[in-house]
Amino acid sequence: MANNKSGTIYYVNSAAPSSGDGTKEKPFSKINDAAAIALPGDEVVVQPGIYREWVCPVNSGTEDAPITYRSEQPLGAVITGADPATGWTKHSENVWFIRIDNKVFGDYNPYTTYVCGDWYFAPTVRHTGAVFINDHMMYETVTLDECISGDISDTSWVPEESKYKWYTEQEENETVIYANFQGLDPNNEKVEISVRRNCFMPDKNGVNYITVSGFNITKGAPTWAPPAAYQDGLIGPHWAKGWIIEDCEVSNSRCCGISLGKYRDPENDMYFYTKHVKSPTQMERDAVCRGQYHGWTKENIGSHIIRRCHVHHCEQTGIVGRMGAVFSTIEDCHIHHICNSQQLGGAETAGIKLHAAIDVTIRRNHIHNCIMGVWLDWEAQGARVTQNIMYDNYRPDFAKPAEGAMFSNDIFIEVGHGPTLIDNNILLSPVSITIPSEGIAVIHNLVAGSFSLINSGVDSIVNNQREPRYTPYHIRHRTEVAGFMTILHGDDRIYNNIFIQKYPVKDDKMDPADAEHSVAGTAPFDIFPTYDDWIAQFHMDEEPDMHGLAPAHFGHLPVWIGGNAYFNNATVCKYENDNLTVSESATVDITEDNGSICLKTDIYQLLGDFRDSVLSTDNLGTAFEPEQRFENPDGTDIIFDTDLLGNKRTGDTIPGPFAEPAMMYSLV
């Protein structure tokens with residue numbers, strides 16, 4: 001070990017003897033040896049190598065002196081939840097098997113633990129374990145015969161990969177794994193099985209101010225992570241404050257990659273799955289309120305930073321969080337190929353899936369080939385999704401819908417009361433924005449797909465009566481609950497966007513209430529009133545009639561729409577007067593070449609001199625239910641004068657995410 005001005009530096013080298021003391025001359029062989037003793041201000045420097053361990057930090061850092069874990073060489077230190085699987089015996093032509101003494105797994109055997117729980121809609125037949133051939137996750141089968149046949153899955157988004165199969169069963173005290181390697185000899189290839197639940201995660205609440213920098217974190221066996229349950233992943237803070245996860249590659253999780261977490265509460269954990277007697281939405285309301293007991297305040301929880309991470313090939317989410325992500329920032333990440341095997345099915349699946357994203361900023365991320373791009377569920381109050389590039393977040397036409405799988409879109413804001421900002425994004429999937437919510441502002445985006453679940457996706461009819469889904473809203477820029485309310489729909493602002501009908505309209509998907517609505521544009525908002533019509537219901541100059549105003553109190557909220565440009569027959573809201581509708585056919589496409597991503601379009605040649613003014617917080621008013629402005633987390637105004645690429649808008653501005661017109665934009 002060595003001393004620096006702020007603390008001690010511990011060194012770790014996987015090739016070192018186990019007797020090391022953490023000095024540069026005699027490094028630890030395990031990261032966890034350093035994690036057991038590191039104190040505020042200390043740094044753990046990890047040399048290149050493979051670390052097959054669960055790193056479980058014991059101590060907190062402080063805001064001024066975090067504990068830092070750093071890979072000496074970027075991505076050179078690999079923390080893996082998998083171990084090599086060697087000694088395979090041939091079973092049939094392409095199928096081999098191994099036997100593993102269950103003592104190897106300790107108190108967590110991923111091959112007897114199923115993926116299951118609240119909001120899991122697929123059959124409970126998959127295990128949390130996985131088999132990897134040359135770093136690719138194979139597909140689990142339900143029977144040995146299915147494994148032997150090795151047929152391509154018709155629900156997979158990457159069908160060629162799906163022919164590599166595995167199957168497991170228990171025989172006495174052994175786990176037996178069969179695997180179809182499609183002609184490869186596993187004894188001559190890199191074959192691993194996941195054996196550890198987590199890679200880097202505390203086992204208790206309140207391990208604060210940890211920085212994890214530059215690691216390759218891969219191949220763990222975490223459990224399904226619904227919102228009213230303990231949420232784990234390959235890496236995460238559990239239930240804490242002030243973590244920074246930066247410049248890491250996080251991949252090949254059976255369920256979640258990065259978890260920003262939830263408190264562990266045995267009385268509420270998987271309540272619906274284990275007890276059944278309360279409705280799942282009621283148990284979610286319980287979880288929110290119980291969070292206060294578990295210390296859910298701005299002073300204790302959240303304020304994490306996830307930046308410049310590469311998150312991919314996870315089968316539930318890339319980044320998940322229930323309440324633990326509040327006041328956090330997720331920025332400059334590349335997130336892709338999430339939930340593509342379609343082996344798991346249910347809610348809680350997306351590139352980023354957060355509940356209670358209070359004052360969360362999601363910016364400058366590149367998100368594609370995910371079952372959904374960003375899903376903010378409940379309480380996205382003060383959340384801002386800005387300057388992101390999203391495309392191909394949809395089920396390919398060749399893939400059948402998997403049992404229990406969700407629909408697809410770029411952004412899904414569910415049952416929130418706002419204010420929620422979606423601004424300066426490129427949204428090119430067939431369904432771009434799904435909002436069974438209220439209080440959403442959609443500003444300066446390029447939108448090639450549709451809006452969906454408009455005035456839909458919220459309430460149910462049970463026992464021949466409407467059962468409304470009422471959700472919380474909060475004290476401004478805090479976690480404390482201010483109230484609960486049903487979703488009235490509306491209260492949306494849609495300004496200065498470009499809408500283009502890029503994809504064919506499907507005759508059976510023309511209803512905006514449909515999750516897979518296929519018609520681009522703003523006509524779905526025709527059903528909402530203007531502000532003048534809405535406020536007139538309340539007869540402000542008369543003595544109030546409490547009962548007589550009930551239809552207005554439970555009716556739709558108004559919408560504000562203006563300054564948008566429409567191409568290729570994208571529809572226009574009947575209330576919008578200051579818009580541009582272009583009759584000429586337009587195109588917009590993403591091209592990728594050696595990691596470089598460009599947007600090619602002729603839209604800006606067709607805009608002519610159509611311009612509008614620069615918008616700010618003052619133009620947007622307040623979200624109705626929380627009575628909160630569309631503002632920064634610190635309460636200051638937002639001026640929408642910075643485009644997707646960081647360029648400044650001055651004077652009158654063009655619609656869409658760019659400050660200046662061009663035919664090609666270099667994005668990444």
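This is a predicted model: local features need pLDDT of at least 70, side-chain atom pairs count only at pLDDT 80 or more; totals for chains, interfaces and linings use all residues.
Local features were considered at pLDDT of at least 70 and side-chain atom pairs only at pLDDT 80 or more, while totals for chains, interfaces and linings use all residues. Residues are numbered from 1 along each chain as its sequence is written, and side-chain values use heavy atoms, with hydrogens and water left out.

Strand E43 spans residues 492–495, strands being DSSP runs of at least two residues, numbered from the N terminus. Asp492 and Ile494 point to one side of E43 and Arg493 and Tyr495 to the other, and all are buried, that is, under 20% relative accessible area with a 1.4 Å probe and protein chains only. In a regular strand, side chains alternate between the two faces of the sheet. Strands are taken as paired if DSSP finds at least two bridges between them. E43 runs parallel to strand E36 (residues 440–443), to which 3 bridges join it, with Tyr495 as the bridge partner of Ile443. E43 also pairs in the parallel sense with strand E45 (residues 559–562) over 4 bridges, where Arg493 stands opposite Trp560.

The structure holds 0 disulfides, a disulfide being a pair of cysteine sulfur atoms within 2.5 Å. For Cys116, which is in no disulfide, the nearest cysteine sulfur is that of Cys255, 9.5 Å away. Cys116 counts as buried at 17% relative accessibility, and Cys147 is buried with a relative accessible area of 0%.

Among the 23 residues that line the largest pocket, Tyr394, Arg395, Pro430, Lys506 and Glu516 lie nearest its centre. A pocket is an open set of points on a 1 Å grid over the protein atoms alone, where a 1.4 Å probe fits, with protein on both sides within 12 Å along at least five of seven lines, and lining residues have an atom within 4 Å of a point.

Terms used
Buried means under 20% relative accessible area, exposed over 50%, partly exposed in between (1.4 Å probe, protein chains only).
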